[in-house]
Amino acid sequence: MKRGLMELSDLVTFSTVARTGGITRAADELNTVQSNITHRVKALEAEIGTPLFERHSRGMTLTGAGRRLLPYAQRMAALSHEAVLAARDDGEPKGPLAIGSMETTAAVRLPSLLADFHRRFPAVRLSLRTAPTADLVAAVLDGTLDGAFVAGPIDHAELTAVTAFKEELMLVTARRWTSLAALRAGTPESGPTALVFRTGCTYRQRLEQVFAEFGWPSAARFELGTLDGMIGCVAADMGVTLLPRAVVERHDLNGNIRIHALSASLSRVDTVFIQRRAAHQYSALRGFASCLKNNGQAVAA
């Protein structure tokens, strides 16, 4: 059978590889084998007639052609997703709903909201995925997620955003550091190790801004994948991190760490709930948005 130019499944695969940065992660997310991902990417490159990715030891990055194609692939994948949901939507919230969140927000802010949503709409099969802000924005744009809680502000023509939570970011250290002055005096000139989530995390970017203002632009970075691991390493005096006050104060290890206030320009950040500007606002997502609003948490951004 002759292939049509840029089949939808190929575009979905392409945008997933672009967002995740490699074949392995894309295969895991799409629940398929790596060889299938590789085949679809190569087939799409052959049909277009130019490479879409540069392959290297750290993964895959987009070529110029790939960057130009990506927004169209995201729109087509998202539109296909919305079309299926619109066809199935008879006004009663039901079926799948994929929500994304930063891990810190999921840990502290979402449990009561998700419980309320499940009580009100038990026919909806809700799934929650945690990732850095940059990955969540890309997933909402390509339709992989129906909505997501990310660090604001978000200014994108294809997205709407409402402020869900207002956070105060704190510098978090081992308990022995009684003040920021003591930390600055008692660490190397380059500063303490920065404990961060992977690239794409807004809190990581804000911590790097803090370090730059403190005169530590060359401090070492150590990436961690979980909130518990992050706070555990801080308590063990491996380094310092930046987290919302609400997250730290509710953590089991809060007696083994210390928080330090920062200036408002560095500490204030809004968590916003984003979704695509879709022509059809289907019932399950409307129901979720109503729970967010009824919990007194969503205001216009």
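This is a predicted model: local features need pLDDT of at least 70, side-chain atom pairs count only at pLDDT 80 or more; totals for chains, interfaces and linings use all residues.
## The chain as a whole

The protein chain contains 13 helices and twelve strands. Its radius of gyration is 21 Å, close to the 19 Å that the globule rule gives for 301 residues, so the chain is as compact as a globular protein of that length.

Of the 301 residues in the protein chain, 48% are buried. Among contacts with a separation of 6 or more, 76% are between residues 24 or more positions apart.

## Helix α1 against helix α4

Two packed helices are described by the angle between their axes and the distance between the axes. Helix α1 covers residues 8-20 and helix α4 covers residues 64-88; they pack at an angle of about 120°, and their axes are 9 Å apart. Angles of 65 to 115 degrees count as roughly perpendicular and those over 145 as roughly antiparallel, so this angle makes α1 oblique to α4. The crossing of the two helices is left-handed.

On the α1 side, the contact is made by Leu8, Leu11, Val12, Phe14, Ser15 and Ala18. On the α4 side, the residues are Gly66, Leu69, Leu70, Ala73, Gln74, Met76, Ala77 and Ser80. Sorted by class, the contact of α1 with α4 has ten nonpolar residues, four polar residues and no charged residues.

## Helix α1 against helix α2

Helix α1 also packs with helix α2, which covers residues 23-30. Here the angle is about 125° and the axes are 8 Å apart. The two helices are therefore oblique to each other. In this pair, α1 passes α2 in a right-handed crossing.

The contact involves Val12, Thr13, Thr16, Val17, Arg19 and Thr20 of α1. From α2 come Ile23, Arg25, Ala26, Glu29 and Leu30. By class, the contact of α1 with α2 has five nonpolar, three polar and three charged residues. Val12 takes part in the contact with α4 and in the contact with α2.

Arg204 is in helix α9, which covers residues 202-213. Its relative accessibility is 13%, and buried means under 20%, so Arg204 counts as buried. Leaving aside residues up to four places away in sequence, Arg204 touches Val196, Phe197, Arg198, Thr199, Arg221 and Glu223.

Gly95 belongs to strand β3, residues 95-101. With a relative accessibility of 15%, Gly95 also counts as buried. Gly95 and Val124 are 29 residues apart in sequence, but their C-alpha atoms are 4.8 Å apart in space. Val124 is one of the residues that Gly95 touches, along with Ala123 and Arg125, when residues up to four places away in sequence are not counted.

## A partly exposed residue

Ala115 lies in helix α6, which covers residues 111-120. The relative accessible area of Ala115 is 30%; exposed means over 50% and buried means under 20%, so this residue is partly exposed.

Ala115 can also be placed relative to Val12 of helix α1. The two residues are 103 positions apart in sequence and 32 Å apart in space, taken from C-alpha to C-alpha.

Key. Residues are numbered from 1 along each chain as its sequence is written. Side-chain values use heavy atoms; hydrogens and water are left out. Axes are lines fitted to C-alpha atoms, for helices over the stretch in contact, and angles run from 0 to 180 degrees between N-to-C directions. Helices (H or I, at least four residues) and strands (E, at least two) are DSSP runs, numbered from the N terminus. Angles under 35 degrees count as roughly parallel, over 145 as roughly antiparallel, 65 to 115 as roughly perpendicular and the rest as oblique. A crossing is left-handed if the near helix is turned anticlockwise from the far one by less than a right angle, and right-handed if clockwise. Contact means heavy atoms within 4.5 Å. Ala, Val, Leu, Ile, Met, Phe, Trp, Tyr, Cys and Pro count as nonpolar, Asp, Glu, Lys and Arg as charged, and the others, Gly among them, as polar. The radius of gyration is taken over C-alpha atoms; the globule rule is 2.2 Å times the number of residues to the power 0.38. Buried means under 20% relative accessible area, exposed over 50%, partly exposed in between (1.4 Å probe, protein chains only).
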